[in-house]
Amino acid sequence: MLPEAFLSRLKSQLGDEYDDYLRSLDRPRAVALRFNPLKTAEFPSLPFVETAVPWADYGYYYTPDARPGLHVWHEAGLYYLQEASAMAPVTLLSPQPGELVLDLCAAPGGKTTQIAALMAGEGLLVCNEINPKRAKILSRNIERMAVPNALVLNHHPKDLERHFTGCFDRVLVDAPCSGEGMFRKEEAAITDWSEETVAMCAERQAQILATAAKLLRPGGRLVYSTCTFAPAEDEGAISEFLRSHPDFSIEAVEAPTLSPGRPDCVENPAPGIEYTYRLWPHHQRGEGHYAAVLRKAGSEESALLPSKPDKLPKEWTEFAGSLGIRLPAGKPALFGSTLWWLPENAPELKGLKVLRPGLELGEIKKGRFEPAHALALWLKTCASVQDFAPDSPEIAAYLHGEVVPSPKKGWTLVTAGGLSIGWGKGDGKILKNHYPKGLRR
């Protein structure tokens, strides 16, 4: 049962479309996934994948009764299960390879990994999450989706002002909100809703936007998004922000499949508020969403100062040489015995709470190198590969943590239908299983 106060306000917002919205709640919910070009340039055919999501590259709807999260290719990072409307803000952000990009409220990682896909592994992607548990989930999804150039942080957004003021070419603020657009999807969104929650969220959103404004370089693009219908958190939040930040303006981006913002829903709307965007479940196949594209005046280079690299240890050099592994542009960093590969323009990390500083390569143990699971997922191939069919008993056994038959010797990349899934170490007859224990089925 939807809250009466919510329905009363929405009826005023929608007018003649109100009944269409109510009828949309009775239709089956559209479910979608987003393929990962970091994993492969050619996506295999899957029987449950249907039509494309019109506002998102690599986005597709899938059959509602399918369970793609159980497929081995989900664990291999071939795709991310993501609500279709939630793909729109990153399309509007339009991150480019080589840029410095910030996802300020990043967990669980849907929009972060979508940004990473469009950046094609080039540049620096900083993704931050204030909640420690959610930050760990974010880090795991970054690993699964084979993202090599992401820095995962666990900070209050305002803490980042000391390190990154004027640094980023693009900033995404997918703000915590009252969740009205998720009422059909999540029962908790209904029970947690109140008019007081809307007001509280609007106040918090204003604080996050003010920080985002400082982190963006002059001339940069900021995209603000919510999954709510509340004007106080959408057109109202943007109008208030623009009144207090005259160096920002709304940028009109061509998005013909999205609905326009509603200046009639707020008092004293900012100029151009009709060029912000809404996704309504009675207009689009997806849940409720709002997004605004903002441009900061000026034109200046990023203020980010890259850190100095460490030296590559000989254990890695010998291991990588034996398997013919070539890393992308970047620099090594050794944290204790763990070796990471950081983006070229990664900053000095001192003073930051870092969960993931880039691509984890592995650990140095008594003069030998043990490769990380993240490295396996990032690799497309190497000198020693053992492939099994994705639905084979060997892959099922591997995901359970069992040994699998193979004539390979030494460290070997295990693939499922050509897509890397993890490491094994062979003796010429079997591969000892190195699939992480926490991921085993």
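Buried means a relative accessible area under 20%, exposed means over 50%, and partly exposed lies in between, with a 1.4 Å probe and protein chains only. The legends describe a predicted model in which local features need pLDDT of at least 70, side-chain atom pairs count only at pLDDT 80 or more, and totals for chains, interfaces and linings use all residues. Residues are numbered from 1 along each chain as its sequence is written, and side-chain values use heavy atoms, with hydrogens and water left out.

View 1. Residues up to four places away in sequence aside, arginine 440 touches Leu399, His400, Gly401, Asn433 and Tyr435, contact meaning heavy atoms within 4.5 Å. From C-alpha to C-alpha, arginine 440 is 9.6 Å from glutamate 402, although 38 residues separate the two in sequence.

**View 2. The packing of helices H9 and H10.** Helix H9 (residues 195-215) and helix H10 (residues 235-244) pack with their axes 10 Å apart and at an angle of about 45 degrees; the axes are lines fitted to C-alpha atoms, for helices over the stretch in contact, and angles run from 0 to 180 degrees between N-to-C directions. H9 and H10 are therefore oblique to each other, a word for angles that are not under 35 degrees (roughly parallel), over 145 (roughly antiparallel) or 65 to 115 (roughly perpendicular). On the H9 side, Gln205, Leu209, Ala210 and Ala213 meet Ala237, Ile238 and Phe241 of H10. The residues of this contact divide into 6 nonpolar, 1 polar and no charged, with Ala, Val, Leu, Ile, Met, Phe, Trp, Tyr, Cys and Pro counted as nonpolar, Asp, Glu, Lys and Arg as charged, and the others, Gly among them, as polar.

View 3. Because 7 of its 10 residues are buried, H10 is largely enclosed by the rest of the structure. The buried residues of H10 are Glu235, Gly236, Ala237, Ile238, Ser239, Phe241 and Leu242, and they pack against H9, strand E9 (216-226), strand E10 (248-250), strand E12 (277-279) and strand E13 (289-296).

**View 4. Proline 269 in its loop.** Proline 269 lies in the loop between strand E11 (259-260) and E12, and it is partly exposed, with a relative accessible area of 30%. Apart from neighbours within four places in sequence, proline 269 is in contact with Ser239 and Pro263.

**View 5. An open sheet of 4 strands.** The strands of this open sheet follow the order E14-E15-E17-E18 with antiparallel pairing, two strands being paired if DSSP finds at least two bridges between them. Strand E14 (331-335) and strand E18 (368-371) are the edge strands, each pairing on one side only. E14 and strand E15 (residues 338-342) pair in the antiparallel sense over 5 bridges, and alanine 333 has tryptophan 340 in E15 as its bridge partner. Helix H11 (residues 314-323) packs on the sheet, where it touches E15, strand E17 (359-365) and E18, and its direction makes about 60 degrees with that of E18.

**View 6. Strand E1 and its partners.** Ala32 and Arg34 point one way from strand E1 (residues 32-35), whereas Leu33 and Phe35 point the other way, and all are buried. E1 runs antiparallel to strand E3 (residues 59-62), to which 3 bridges join it.

Technical notes. Helix = DSSP H or I, 4+ residues; strand = E, 2+ residues; numbered from the N terminus.
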